Amino acid sequence: YGFINTCLKSLVVEKYGEETWEKLRLQAGVQDSFLTFEVYKDEITMQLVDKACKVLGVPADIVLREFGKYFFEFCKRSGYDHMLRTLGGNLYEFIENLDALHSYLSLSYQANIEVLVLVVFVFFPQEMNAPSFRVEKNEDGSMHLHYYSDRRGLCHIVPGIIGAAALDFFNIEISMKIVNQTEEEERTGKKEHIVFLVTQTPLFPCKERNDFSSSSQCLVDSEKQIENQLNKEDLEKAKNAIRDRGNSVCPVKKSHWKTLRGIITLGKGKLLRGFDPVYPKSLWIDTKTFCNGLPFHMVFDKELKVKQAGVSIQKIVPGIQTMGICLDQYFRIIHPEVPFTISSIQKFINSQFVFQTRREMMPESWKERPMLELRGQMMWMESLQCMLYLCSPLLRTLHELEERQMHIADIAPHDVTRDLILLNQQRLAEMELSNQLERKKEELRILSKHLEEEKKKTEALLYAMLPQHVANQLKEGKRVEAGEFKECTILFSDVVTFTNICAQCEPIQIVLMLNSMYLRFDRLTTVHDVYKVETIGDAYMVVGGVPVPVPTHAERVANFALGMIMAAKGVKNPVSGNPIQIRVGIHTGPVLAGVVGEKMPRYCLFGDTVNIASRMESHGVPSKIHLSSSAYQCLKYKNFEITERGEIEVKGKGKMHTYFLIRNKSATENEIMGRP
């Protein structure tokens, strides 16, 4: 069930973090989430446990024990706390009733919900061959817990869960060790049979943990309450009454306070006899009334010969009317998985037994019907040397009732199976709705995840077109004000003889050439943290110090320019087949920057600095980096090798003193290119 895998995920995430879970699930090859009501293959759970051991570096028995403890708390948080607390007043009764609770849940939920609840204690619902528990008391107060399962290697979950339940419900610590481990050959099919020795240690001072905890766990407090409420005279009368009754009433030696608890009503101070049931000398019910009042019961002897049967069983299994017929001819035992013998039944007499009719013994016209299952308890009658099987039909829905051509009237009015069938019909509808809601929730989660991925892609594309802070302002519907930058460095580049190349090539060749070049340049913008403003044809424009002002804007652009010259050598001229040549121009100065347009907004730079940078490129030399005097002033003390070009005539600007950037003295080619 997804409930189990979800619990395992929750444990890993809570104790080790999301990254550990992600690593674990990828190694196990399973999905990230599980539907609570869905049945998943055993292999998924086993893979998760196996990979958890490897990823966490913890032995399997420790992982399973910790999972057991966490699973108990997980079940409590999932709403099963109240149900589990009412199973028994002490640990023995609690364990003894686990199989019964499991049987009830598998009936009322039709194994579609967390049937495992705690009762999995174990991992798997009844439809999936759930484990079984049998407990025996020892004279020294310890217990032997028998655990049967056809899934080997999971027994270490049991100490974790039962230990957590003992501490939470009964305020006792227990130790459990395996004293025997075999394959049970007696049972139909091979099953692992583990015997645990359970020893209990009460915790002191005793503190009542909850309203459902057994009062026997708080003896010290109870004794003080009794002592305060009873005066010395009452105590003396109690002692005398015990002496007068003799050993017949209390044949077993009891402690002083145990005796008083048996005869005193707290808060009233009245002396009462301990409860002794009263039986009539003869049974005041005739055979016909008994068989009609309990329509689903059977009595059989050691040889399995039927001595008596209820009227409804006779109606459904006509062969039973032949008294003395062997019961195993008409029924097989479904649960617990034991051979159909008196000795095996007595061994598991505290378990609920499920019988199923044998198809081959049914009338020919009935053989197409689903076989009827009966569920109930066994009671050994020592005086008659016979076994009484008190049962009810194991039906979950009205549909199952109709399939067997039965009616509500076939079930005794006092039998709660009537109510279960009707209530479960409504519950199944609610569960189906819950299933649908959970599936829709999972679909929405997946869609949300995909939407988030698409959103990230869209944002990445937007951030490639506009500076991030500008894009965020536009997304929020805010107006982006133009900003003035007092000093920045602008670079322009173009391809030498680009016009001639275009005239001699196919358009697709030009596109491929430019794409190859721009991909290299774009990577370098990331390496040197400069902002790409735009590309127009073969022209490429970047800026340093905009939109985020930085004092190293000139060095960044200079290193980027050196990288461009190197990168261009890897791009082939489609006409000649030789590496292309580019011109690069750089200028430093103030600019105004802002967003222009609404339909296709662009982040543009304005000012004379842009014009001069463009002139440096257009008046440059192939495969050279042309610097203005202002750019030179920013770089001359920064470990760059620069040569003077001298005065040149610049269109629209007159004469200007310019320079060529040769190399970075302190950086290697790999560092410039961003290679490891």
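This is a predicted model: local features need pLDDT of at least 70, side-chain atom pairs count only at pLDDT 80 or more; totals for chains, interfaces and linings use all residues.
Helix 20, which spans residues 608–618, has a set of buried residues, namely T609, V610, I612, A613, M616 and E617. These residues lie on the same side of helix 20, because they cover an arc of only 165° around the axis.

- Strand 1, made of residues 132–137, pairs with strand 2, made of residues 143–149, in the antiparallel sense and over six bridges.
- Within this pairing, S132 stands opposite Y148, a residue of strand 2.
- The two strands, strand 1 and strand 2, form a hairpin with five residues between them, and in the turn G141 has a positive phi of about 95°.

**An annotated helical span**

- In the model, the span of residues 423–461 is 100% helix and 0% strand, and its end C-alpha atoms lie 57 Å apart.

**Aromatic pairs**

- The structure holds 15 aromatic pairs, and one of them is formed by F355 and Y389, whose rings are tilted, with 4.4 Å centre to centre and 35° between the planes.
- This pair links distant parts of the chain, since F355 belongs to strand 8 (residues 353–357) and Y389 to strand 10 (residues 386–393), and the two residues are 34 residues apart.
- F355 is buried, with a relative accessible area of 0%, and Y389 is likewise buried, with a relative accessible area of 0%.
- Another aromatic pair, that of Y632 and Y659, is stacked, with 3.9 Å centre to centre and 10° between the planes.
- Y632 lies in helix 21 (residues 629–635) and Y659 lies in strand 18 (residues 654–664), so this pair ties together parts that are 27 residues apart in sequence.
- Elsewhere, ring pairs link F72, F94, F169 and F170 into a cluster.

**Lysines over ring faces**

- K532 lies over the face of Y518, at 5.9 Å from the ring centre.
- K624 is placed over the face of F660, at 5.8 Å from the ring centre.

Key
Residues are numbered from 1 along each chain as its sequence is written. Side-chain values use heavy atoms; hydrogens and water are left out. Buried means under 20% relative accessible area, exposed over 50%, partly exposed in between (1.4 Å probe, protein chains only). Helices (H or I, at least four residues) and strands (E, at least two) are DSSP runs, numbered from the N terminus. The arc is that of the directions from the helix axis to the C-beta atoms. Two strands pair if DSSP finds at least two bridges between them. Rings of Phe, Tyr and Trp (its six-membered ring) pair if their centres lie within 6.5 Å; planes under 30 degrees apart count as stacked, over 60 as edge-to-face and the rest as tilted. A charge sits over a ring if NZ of Lys or CZ of Arg is within 6 Å of the ring centre and within 35 degrees of the ring normal.
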